[in-house]
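Have the viewer open and follow along strand by strand.

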Amino acid sequence: MPPRSTRVLALAAALAAVLGTAGPARAAAPPANPYLAAGGAGAMHGDTASSDTTPRSGPGTGGTVSHRTALQSACPTVLAGSDGYPVAVCTGIFDRAPHVHLLDPATGASLTELTLAKSGVLGGIYSYLDEHDRLVVADGSGDLLRIAHARKADGGWELKVVERTPLTGAVPSGDSVVGLSPDWRGRVWFATAHGLVGTVDTTTKTVRTTDLGEAVANSLSTAPEGAAVATDHALYLLRAGADGAPRVVWRRAYDRGPARKPGQLSHGTGATPTFFGPRTGSEYLAITDNAAPQEHLIVVSTEDNRTVCRIPVLDPNGSGTENSPIGAGNSVYVAGTYGYPYPAVPDGAGPTEPASAPFAGGLTRVDIDRDGSGCAIRWDARIRSAAVPKLSVADGTLYTVERTGVLDPARTGILDRYDFLAVDAETGRVTSRHRLGTGFLFDTLQMAGNATPGGVWWQGTITGVVRIAPK
């Protein structure tokens, strides 16, 4: 039987559907994973469903104040648990190793730092905080770690590895873990760059794997229905068998296109799969394909792999995204990254086709029909989002960062301007704009932000973390 909190959320969602409640701010929340930190910021995409929603309000549409903390690292993952202390997982600019920082909630300053063993470009990025606010991460040593933060006797802070589970017997040399997520029994699911999907029981140190035979460049998502993995060829739903080994429930091939597009990190979908839905919060799965010249949003039923929706999105003359879709109730939001200039790509990513392109951007809302028989575009906004947008279901606002060229808005450069945006989720209209700064120091590099109490927003950049708060 699912946890009581999950049953209550499902009942509330069903009641809302009967009463006709509509709009993303009142959508069914993803099932609350009991093995993820509470508060809606325990994972890069907010929750294990990768919905890219938050139950907290953001900074809002009034005045805001921002402060950048320089960490000499690119910080794609800023998480926070029940205690409100942000934990940033960063990649050092000079040593390319993962660095974990505990941040001061009031200022954003680094309170303490722990350096981990170096792995691949994506190593450590897709980590999460468990139900005890401990960071769960795989590093270059071949181990799965749990890292706790605690006060020392002198009043300072420390980050300490409190649990270590070897993965070396299951993950071959030359491969690396790119994604982690807990399931509803506390097992840790992982996916590797070369297509292994596994489960880890950290109590017994038991690791079970299955080989999909296809590359994985994004994280995996978990819900009561199972674990969703998108390879460079197909979308999979998997469940653990009696022995804990992952088993494929169904496989859905998609149009992977002729090559990697500019503004993407792999040849195939750039999306971590998103569980969402108006009733249980996880009856649908969404990804984007890599069709050329225009890609599609694909929504399927988790129950039977039925096609709910397949619709072209973003610029018809060249579209692509490296971001997971936002999913809330009957609505999905897709942000374009076509042409975004990444400074590095994973090994073996291959050349792009075309070789380069201007950063097109774009943010599209697609609404699923209430009977689950199709979908339609609700609005399309010409927003050049430079971060993974997040939807606050508390205030009905999408939050992201927009990148604008100084001399030519359509071209990117080291002197570009970065603005923190609030966007009305109902209309796509920008309702607030706050200037973060100008120049590459503020490049948010399509990284995901997260919210903490008081409407505070934490956004990683190529050189550190920006704290954004209401005045």
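In what order do the four strands of the open sheet that contains β11 lie? The order is β11-β12-β13-β14, and the pairing is antiparallel. β11 (177–182) and β14 (206–211) are at the edges with a single partner strand each, so one side of each has no neighbour in the sheet. From one strand to the next, the twist averages 20 degrees.

A word on how to read this: you are looking at a predicted model, in which local features need pLDDT of at least 70, side-chain atom pairs count only at pLDDT 80 or more, and totals for chains, interfaces and linings use all residues. Residues are numbered from 1 along each chain as its sequence is written, and side-chain values use heavy atoms, with hydrogens and water left out. Strands (E, at least two residues) are DSSP runs numbered from the N terminus, and two of them pair if DSSP finds at least two bridges between them. Axes for the angles are lines fitted to C-alpha atoms, and angles run from 0 to 180 degrees between N-to-C directions.

Now zoom in on one pairing. β11 meets strand β12 (residues 188–192) in the antiparallel sense, over five bridges. Here Pro-182 has Val-188 in β12 as its bridge partner.

The other sheet is also open, with four strands in the order β2-β35-β34-β33 and antiparallel pairing. Its edges are β2 (64–70) and β33 (450–452); each has a single partner strand, so one side of each is without a neighbour in the sheet. Neighbouring strands are turned by 25 degrees against each other on average, direction ignored. Within this sheet, strand β34 (residues 456–460) and strand β35 (residues 464–470) run antiparallel and are joined by four bridges. Look for Gln-459, which stands opposite Val-466 in β35.
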